[in-house]
Amino acid sequence: MQITEHIASLSEEGRLLAAAAEQAGPGASVPTCPGWQIRHLLRHTGMVHRWAAAFITEGHTAYHPDSGEPGLDGAELLAWFREGHRHLVRSLEEAPADLECWTFLPAPSPLAFWSRRQLNETTVHRVDAESALGGPLTPVSADRAADGIDELLTGFHARPKSRVRSDKPRTLRVRAVDTAATWTVRISEDPPQAVRTAGEGSAEDVDCELSGTAEGLYLTLWNRLPLTAVTLRGDRAVARLWTDNSAVTW
């Protein structure tokens, strides 16, 4: 996806998140984040938005800590979230193409990194906010979902921080039936290694395959939908290895 598309989608996702949070109320439980209420979701996501915007606007070229979560609640917290989200979107829209600042995943440029990362951050947490309402989720397009899967598999879980490990080498295939995207994820004692291919992927045997729409896979791999949301073939223990150990801390 192009940077401008990422930013436009980020703008919409933040508005949807705020609208769902306002409708649910600050004390509503967030089923996809056990132990959290909407107030916790707004504080966390709003903090992340301001943290990301600081790299873009202040040009930090090394890691810079966030400013912490506020003690706000109710209408004041919601207004704070909306202001921080608007500031992040404006910061990305106004940033130069040759922006230089710190990033933590491979990307064509810092601007490409932050626009993509904050879009996926906000989309996943928008799903969290909507889950508190118990109704249908706003759809994610197949192209956007595939891009989010790519970031998760080839970015986040390629890092040493990934806890998806296995003493016995295992192979997981992820196949999006509504796109040309297939990922083969090799799980071992080292960080998972994921390779994206077009079409059905290679003919090699794998221990487990997850297939479904790109959106279904995206939300399942981010642990926002259960494994029953996709089609599982092969060893369910490999899929459980993922769901039990893949929670991301940045």
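L210 lies in strand β4 (residues 208-212); strands (E, at least two residues) and helices (H or I, at least four) are DSSP runs, numbered from the N terminus. This is a predicted model, in which local features need pLDDT of at least 70 and side-chain atom pairs count only at pLDDT 80 or more, while totals for chains, interfaces and linings use all residues. Residues are numbered from 1 along each chain as its sequence is written, and side-chain values use heavy atoms, with hydrogens and water left out.

**Surroundings of L210**

- L210 is buried, with a relative accessible area of 2%; buried means under 20% relative accessible area, exposed over 50%, and partly exposed in between (1.4 Å probe, protein chains only).
- Not counting residues up to four places away in sequence, L210 touches, among others, L172, R173, V174, R175, V230, T231 and L232, where contact means heavy atoms within 4.5 Å.
- Between L210 and R236 there are 9.7 Å in space, C-alpha to C-alpha, and the two are 26 residues apart in sequence.

**The sheet**

- The open sheet consists of five strands in the order β3-β2-β1-β4-β5, with mixed pairing; two strands pair if DSSP finds at least two bridges between them.
- Strands β3 (193-198) and β5 (231-234) are the edge strands, each pairing on one side only.
- From one strand to the next, the twist averages 15°; axes are lines fitted to C-alpha atoms, for helices over the stretch in contact, and angles run from 0 to 180 degrees between N-to-C directions.
- Helix α5 (residues 142-155) packs on the sheet and touches β1 (170-176), β2 and β3, its direction making about 15° with that of β2.

**The β2-β3 hairpin**

- Strands β2 and β3 form a hairpin, with five residues between them.
- Strand β2 (residues 181-187) runs antiparallel to β3 and is joined to it by six bridges.
- Opposite A181 stands A198 in β3.
- In general, strands of a sheet pair through backbone hydrogen bonds, either parallel or antiparallel.

**The loop between α5 and β1**

- S162 is located in the loop between α5 and β1.
- S162 is buried, its relative accessible area being 6%.
- Leaving aside residues up to four places away in sequence, S162 touches H157 and P192.
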